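Visitor: I'm new to this one. Can you put it on screen and walk me through it?

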Amino acid sequence: GVQPCALPIYHPTVRGGAFDHVRTRLFIRPHFFDGLELFATHESGAARGTFLLENDPATRSWKSLDLDAEATMPLDLVRRVIGPVGENVLSPFAAAEPPEAKVTLHFDGPAAPGGRHVNGLVVARTSGEFRLSQFPLSDVSFRAAIRDDEIQVDDVVARFAGGTATGHVRLWGEGAKRRVGFDLALKGAQLGEAAAALNQFIALRRKKPMTPV
């Protein structure tokens, strides 16, 4: 008789990120790739949007990338797909659950006349634990304006230490030189819990042991 066999399951992969399903509609011109439609699904959510990639024929490198999308995807997956070009944008953010986000971003690449740059807007919300440059929050919504190494995070609403935090956050600099400034109002929080969380955050930033509170 015919013996049943298990067939391998293949997932489409984009720049190292595995998806359940990917569909795109492209209009291709010399050195231009116009993504008129992009739709991708993952076990945790989906993404839909458009993109435009321009290459430089002289250097065979890319000049610019425009991305306009709405997505609910794990940040680690997004990092793999975007690659180093988006690392400075995404590195301050960490979320336990895939955030819901609307992004409009423009990247200038190595072949752009003015060199590498990025600017755009991210509007996002997420449930559960969320860290903004290692600062512990949860159930967060915000609007982030991005210009190169500066990220201005406005309209922040989040849970912190049992209370509600609202306000603004500014991040600037790159890598170990990145700095963060908070302007937050806190209501209904537990004082001891808030003090412990702030102590831990300062210790992480300074890479030193926590001091008793």
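**Rings, charges and pockets**

Guide: Arg170 lies over the face of Trp172, 4.1 Å from the ring centre. "Over" a ring has a cut-off: NZ of Lys or CZ of Arg within 6 Å of the ring centre and within 35 degrees of the ring normal. This is a predicted model, where local features need pLDDT of at least 70, side-chain atom pairs count only at pLDDT 80 or more, and totals for chains, interfaces and linings use all residues. Residues are numbered from 1 along each chain as its sequence is written, and side-chain values use heavy atoms, with hydrogens and water left out.

Visitor: What lies over the face of Phe32?

Guide: Arg29 does, at 4.6 Å from the ring centre.

Visitor: How many aromatic pairs does a search of the whole structure find?

Guide: Seven. Rings of Phe, Tyr and Trp (its six-membered ring) pair if their centres lie within 6.5 Å; planes under 30 degrees apart are stacked, over 60 edge-to-face, the rest tilted.

Visitor: Why is the pair of Phe135 and Phe201 edge-to-face?

Guide: Their planes stand at 80 degrees, with centres 5.0 Å apart, so the pair is edge-to-face. Phe135 belongs to strand 10 (residues 135–147) and Phe201 to helix 3, so the pair ties together parts 66 residues apart in sequence. Helices (H or I, at least four residues) and strands (E, at least two) are DSSP runs, numbered from the N terminus.

Visitor: Is Phe135 buried or exposed?

Guide: Phe135 is buried, at 5% relative accessible area. Phe201 is buried too, at 9%. Buried means under 20%, exposed over 50%, partly exposed in between (1.4 Å probe, protein chains only).

Visitor: Which residues do ring pairs link into a cluster?

Guide: Phe135, Phe160, Phe182 and Phe201.

Visitor: New topic. How much space lies in the largest pocket?

Guide: About 1100 Å³. Its lining has 41 residues, and Leu38, Leu67, Val78, Val81 and Ile82 are the closest to its centre. A pocket is an open set of points on a 1 Å grid over the protein atoms alone, where a 1.4 Å probe fits, with protein on both sides within 12 Å along at least five of seven lines; lining residues have an atom within 4 Å of a point. Points join across faces, edges and corners, and the volume is the space filled by probe spheres set on them.

Visitor: Which element gives the largest share of that lining?

Guide: Strand 6, with six residues.
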